[in-house]
Amino acid sequence: MFRLDNLVLAQKDFRLTADWSIRPGAKVAVIGPSGAGKSSLLAAIAGFYQPVSGRVWLDQRDLTALPPGERPLSVLFQDQNLFPHLTLAQNLGLGIRPDLRLSAEDHRRIDAALERVQLQGLGKRKPAEISGGQASRAALARVLLRARPLLLLDEPFAALGPALKSGMLDLLAEVAAESHATVLMVTHDPGDALQFADETVLVADGVAHPPAATAALFSSPPEALAAYLGR
Amino acid sequence: MASRPRSLGAGAISAGLLALILGPIAAVAFHAGGLSLGAADLAALRFTLLQASLSALISAALAVPVAKALARRRFPGRGLLITLMGAPFLLPVIVAVMGLITVFGQAGWINSLGQSLGLPRISIYGLHGVLIAHVFLNLPLAVRMILQGWLSIPAERFRLGQSLGFTPRDIARHIERPMLAQLLPGVLASIFAICLTSFAVALTLGGGPAATTLELAIYQAIRFEFDLAHAAGLALLQTGLGAVAALLAWQLAGMRAGPGAGLDRPSALMPPTGWRRIADGFWLIFAAAFLLLPLTAMALKGLPGLTALPASVWPAALRSVTVALISAFLTVTLGMILVGAVARGGARWIEFSAVLPLAASGMVLGIGLFLLVRPWIGPAQLALPVTLLVNVLMALPFVYRLLITPARNLEADYGRLAASLGLVGFARIRLLTWPRMAAPIGFSAGLSAALSMGDLGVIALFAAPDQVTLPLLVQHLLGAYRIQAAAGAALVLVALSFALFWLLDAGGRYVQAR
């Protein structure tokens, strides 16, 4: 169970509170107007941003004081998910051992992960030599290898075309299911939330609201969401 | 947090640096016999400010078109020209001055040419001689700093400009001028601060009441008047001036937002045609000639001298290379720890400690250290360690400047990704920092090695005969009127300096491009 316990984020004029939990394995979208604090919420969960007060829990474990790399989670950013000077295989290898001292077994796992996302044979390429969609798939393959119980995504695939993005969301759902991960995905596109997420967190007016069933939320949106959706 | 021990280490290093700089200055202040400035001291102050301002302005103004031409043109020999841009700044000052005299001096190439055309003689002595030498020594630094700024603009931004139909003017206005506005104050302030402590140039091309710098006045107070109190007083004035200039450089060059990351694709800067092509050509030829002629002149003069080299050249060379390599290693290690801490949002006083040596001059620090340890250690035992220490301190501000922007970009682009993957400690250095920063690291190491190799300052005050470094040997030979041998030894010095610089710089670039 993932839980935000009276979490308070604050910086200058910005303030955000969150106090809710999600059941294991849930796929949750985080939506709201820009500047509301969606990305800050994710950064706080990932450990890049210290909350003023409150705790972050995962399965009875307090993550609040852990450095980012020691948290049981994976992060996908909007871009820059791969190091451009390392090959795809090395970029994936970082998900197994950050010092890249990899065994033959590790290399087999990397090849399998590449194959899983249809990038077989591209392990020796560098990120500049593949397409944006392929780069996103490589990043997802690393998520598979890391197999962490929580997956955070900050507007991923935003640069991809609709068909490519839709396929990516399906692949993401499969990857999440295979690694039994709980997923939190920031998005500005209601379509993403409807396609991918059973539940949605609305971030508006300084509050990250508890997750609500996505379909119900969008069919009768509260005032803040209606304003964001332009209804 | 994982970064805590590293910040602690950087904090301790910063504190040590502050002690090593402020301690000697305090010693100088303690020994200063009051600040009663005579007319000669005021003239030195005025001349110091005038020549430093003009040197900075002229160097930067010439560097912008040269850097621009280098950034957008591809031609055979471009890499060589860029390497050459590192040359005069790295050239031992005394050798550079010899080259300039050969070209611009009384019996130099320019005057001989002018004479055959019936033109009046020009003199290289006085203000304009000092300016020529300072521009010669600092123009390449300015070009390389500005060129790095140009190359750090992501290719995507130029492509965006192209797709919006930007003319070269629009590119200059929307992309290049903002970069220059961010960069130039730092370039100006750095050159101003360097020229503020000009010693060897003023010693050889200046002098007299009209063209004496403070640094030269300090040296004269010690060597000719044996007046330690007067020297300390001047040193205090020099330090106050340098502190203001360093503060200025620190404020002006405190670059914040770096340009975002572009993928590692080749540059997309389209070279414009027409008159701009001719102008670029002019600037490239001007820069190449201005930098190459004195170097060539120096080489032609030094070659015959190689046969007349005294045996003492080789131990002196070994001593110089050893000091240079240790100095480069220490400077870059300290620099990387400091920029790493600052790029992760470390305290601002860490940055302050890295640039503070700009405020002090090598001469002032050397005299201060001498005053501090005089009761316990003799000057002869001190010569090489103090020279090493002063070399590290004097190179650190430049190395810090060169490393901070790539370090900030690295942190902004990949800091979170690395942290989220648990990429820390030695693995982070091996897999992220080193492959992505090897080029600036190599350049910084080459720079500090060559600066140390050519340094002629503190060592002249302290060294015993068996501790002579190569630049000091050149000066001794010159003083003994063994001009041939001096020119030959100077050539050895230059060859070794450049070889060290080239090895480290090219090595770094090779690793990063791999």
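B:Thr83 is found in helix α3 (residues 78–85) of chain B. Helices here are DSSP runs of H or I with at least four residues, strands are runs of E with at least two, and both are numbered from the N terminus. B:Thr83 counts as partly exposed because 16 other C-beta atoms lie within 10 Å. The cut-offs are as follows: a residue is buried with 20 or more other C-beta atoms within 10 Å of its own, exposed with 12 or fewer, and partly exposed in between, with C-beta atoms placed from the backbone. In sequence, B:Thr83 and B:Asp505 are 422 residues apart. In space, their C-alpha atoms are 8.9 Å apart.

The model is predicted; local features need pLDDT of at least 70, side-chain atom pairs count only at pLDDT 80 or more, and totals for chains, interfaces and linings use all residues. Residues are numbered from 1 along each chain as its sequence is written, while chains are lettered from A and ligands numbered from 1 in the order in which they are written.

Confidence in chain B was examined next. pLDDT is the predictor's confidence in each residue, from 0 to 100. Its mean over chain B is 83, and 92% of the residues of chain B reach 70 or more. Among the elements of chain B, helix α14 (residues 313–343) has the highest mean pLDDT, 94. Helix α8 (residues 155–163) of chain B has the lowest, 70. Two stretches fall under 50. Over residues 1–5 of chain B, pLDDT stays under 50, and the model has four contacts for them beyond four places in sequence. Two residues are in contact if their C-beta atoms, placed from the backbone, lie within 7 Å. Residues 254–266 of chain B are also below 50, yet this stretch has 25 contacts beyond near neighbours in sequence. For the complex, the predictor gives an ipTM of 0.79 and a pTM of 0.74.

Chain B has 21 helices and zero strands. Its radius of gyration is 23 Å, close to the 24 Å that the globule rule gives for 514 residues, so chain B is as compact as a globular protein of that length. The radius is taken over C-alpha atoms, and the rule is 2.2 Å times the number of residues to the power 0.38. Along the principal axes, the C-alpha atoms of chain B fill a box of roughly 65 × 65 × 45 Å. Buried residues make up 51% of the chain B total of 514. Of the contacts in chain B between residues at least 6 apart in sequence, 85% join residues at least 24 apart.

The domain assignment divides chain B into domain 1 (1–31 + 309–514) and domain 2 (48–100 + 125–256 + 278–292). Such bounds come from an automatic or database assignment. The domain centres, taken over C-alpha atoms, are separated by 19 Å. Domain 1 of chain B gives 33 residues to the contact, and domain 2 of chain B gives 34. On the domain 1 side, several helices supply at least two residues each, including α1 (4–31), α17 (379–420) and α21 (483–513) of chain B. The largest share on that side, eight residues, comes from α21(B). By class, the domain 1 side has 24 nonpolar, seven polar and two charged residues. Ala, Val, Leu, Ile, Met, Phe, Trp, Tyr, Cys and Pro count as nonpolar, Asp, Glu, Lys and Arg as charged, and the others, Gly among them, as polar.

The largest nonpolar core holds 242 residues. Such a core is a set of buried Ala, Val, Leu, Ile, Met, Phe, Trp, Tyr and Cys residues joined through C-beta atoms within 7 Å. B:Val97, B:Ala489 and B:Ala490 touch the most other members. Helix α17(B) gives the core its largest share, 21 residues. Beyond four places in sequence, the contacts of B:Ala489 include B:Leu309, B:Val313 and B:Leu470.

Chain A has eight helices and 11 strands. Its radius of gyration is 18 Å, close to the 17 Å that the globule rule gives for 231 residues, so chain A is as compact as a globular protein of that length. Buried residues make up 42% of chain A. The contact between the chains takes 21 residues from chain B and 20 residues from chain A. On the chain B side, α17 and α18 each give two or more residues, with the largest share, six residues, from α17(B).
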